[in-house]
Amino acid sequence: DVRLVLLLHPMAYHKGGMRAAMAAMEVFKQTGNTPRFWAFQNHLLDNRQHLTVENLVRWAVGKGGADGGRVRAAITSNRHLSKLRERMSWGARLGIHGIPGYFINGRFMSGALPYDRIHGAVLRELRHARQVLRSGVERRHVYEHIVGKGLHQAAWVMKRVKNYRRKYRRLSTTTRFSLPSAGLPFMGDPDAEVVLTLAYDAECRFTNNLLDILFPLLNGDKTAPNGFPRGLKIVFLHYPLPFHKKAVAFHQALQEVYLQKGPHGVKRLVKLFRRAYEGGTDSFRTDLIPGFARSAGCDMRRFAQAMRSGKHKRFITATRNKAHALGVRGTPTVFINGRVIRKRALPLYRDLVTRAHSEAVSFLKDHPTVKRAQYYGALMRSASTVPVWE
């Protein structure tokens, strides 16, 4: 009568938690809901101070009966990361901001509670379930019947969102803003009609999560002169937040790599930053930045000189100030051809990019003297240079 469902929700400050979650997802994918999977999961809890890749692979084979090579590949490639983040976002909407947390037939309980309290809650829900059965609901539909009228978002979360929106103004989504772009790092087609501008902080968790959505936008036919898909450019608008103490160093490196290696160097470096951030504080360190730059193909003498002199700090600060003057207040903030985009989903971005491209084709057809590479600049000339709030 009782079923236990495991919602993986690794905390950012728990070293190895994300690796362990992805290992667990891969073992579950291979073995299913079997005693061996639960033996592996219990072993993780008993050995949570030793969640290295090597240990996870060894335990997956020995305790979970999984293929070790596939488990290692799943961990190192972040194979299940997007699905894991989707589930974590779902949990956050329901009010999970710490662990452990429990939903017993949809009723939330939080904290390391004594057994008697949890057991009592389970017994109460069992009594309720039997009443539902007696009312004529089939056993296999009892759970859906009980939670069917429940909230899809925690009440206190909804209240907090409403209060936030009352307190803080938000940029208009219908206004086109004149964003700085000259000299900024970018990936994609340099002559693109569609420019996605990302207010970027290399140390921001939410910005790093968003990169998992943005990178797939650059998949496709490599028909631009520089080998990227034609028609889309992703610009990194320097916006290191003042409380992120490591961010400025990473942004200096990004600017120098862009100047030396162009869009391909930017793509390589941002992916390395993303991977380092995912690894936790031990791998997201400023002393590792030269190694990232070397992997991106930089001239290390020039790179070291640029970092030592801080030659890009003034440009980074000026860019951030311009964005702030336009109303940018945090990261990530996304613009497509100057318009703010609030929602975060790959299908939505694909649709918006397609629409923006269609608008560009129509405009260029009506204005034959405007070249493809001049289209975005033409939009910016009539865009707002001041904040416009909703």
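**Note on helix packing and nonpolar cores**

1. H1 and H3 are roughly parallel to each other, because their axes cross at roughly 25°, under the 35 degrees that sets this class. The model is a predicted one. H1 covers residues 17–31 and H3 residues 53–62, and their axes come within 10 Å. The crossing of H1 past H3 is right-handed.

2. On the H1 side, this contact uses Arg19, Ala20, Ala23 and Val27; on the H3 side, it uses Val53, Leu56 and Ala60. Sorted by class, the contact of H1 with H3 has six nonpolar residues, one charged and no polar.

3. Helix H9 (residues 205–214) and helix H10 (residues 247–278) also have axes that come within 10 Å, here crossing at roughly 120°. That angle makes H9 oblique to H10. H9 passes H10 in a left-handed crossing.

4. From H9, Arg205, Asn208, Asn209, Leu211 and Asp212 meet Val270, Phe273, Arg274 and Tyr277 of H10. The residues of this contact are four nonpolar, three charged and two polar.

5. The largest nonpolar core holds 66 residues; those touching the most other members are Leu196, Leu198, Tyr200, Phe236, Phe273, Ile336 and Tyr349. H10 gives the most to this core, with 12 residues.

6. Apart from neighbours within four places in sequence, Phe273 is in contact with Tyr200, Ala202, Asn208, Phe250, Ala253, Leu254, Phe284 and Phe292.

7. There is a second, separate core of 23 residues, with Met18, Ala24, Phe37 and Ala66 among them.

Notes: Residues numbered from 1 in each chain as written. Predicted model: local features only at pLDDT ≥ 70, side-chain atom pairs only at ≥ 80, totals over all residues. Heavy atoms only, no water. Axes fitted to C-alpha atoms, helices over the stretch in contact; angles between N-to-C directions. Helix = DSSP H or I, 4+ residues; strand = E, 2+ residues; numbered from the N terminus. Parallel < 35°, antiparallel > 145°, perpendicular 65-115°, else oblique. Left-handed = near helix turned anticlockwise from the far one by under 90°. Contact = heavy atoms within 4.5 Å. Nonpolar A, V, L, I, M, F, W, Y, C, P; charged D, E, K, R; others polar. Core = buried A, V, L, I, M, F, W, Y, C linked by side-chain atoms within 4.5 Å. Buried < 20%, exposed > 50% of the residue type's maximum accessible area, 1.4 Å probe, protein only.
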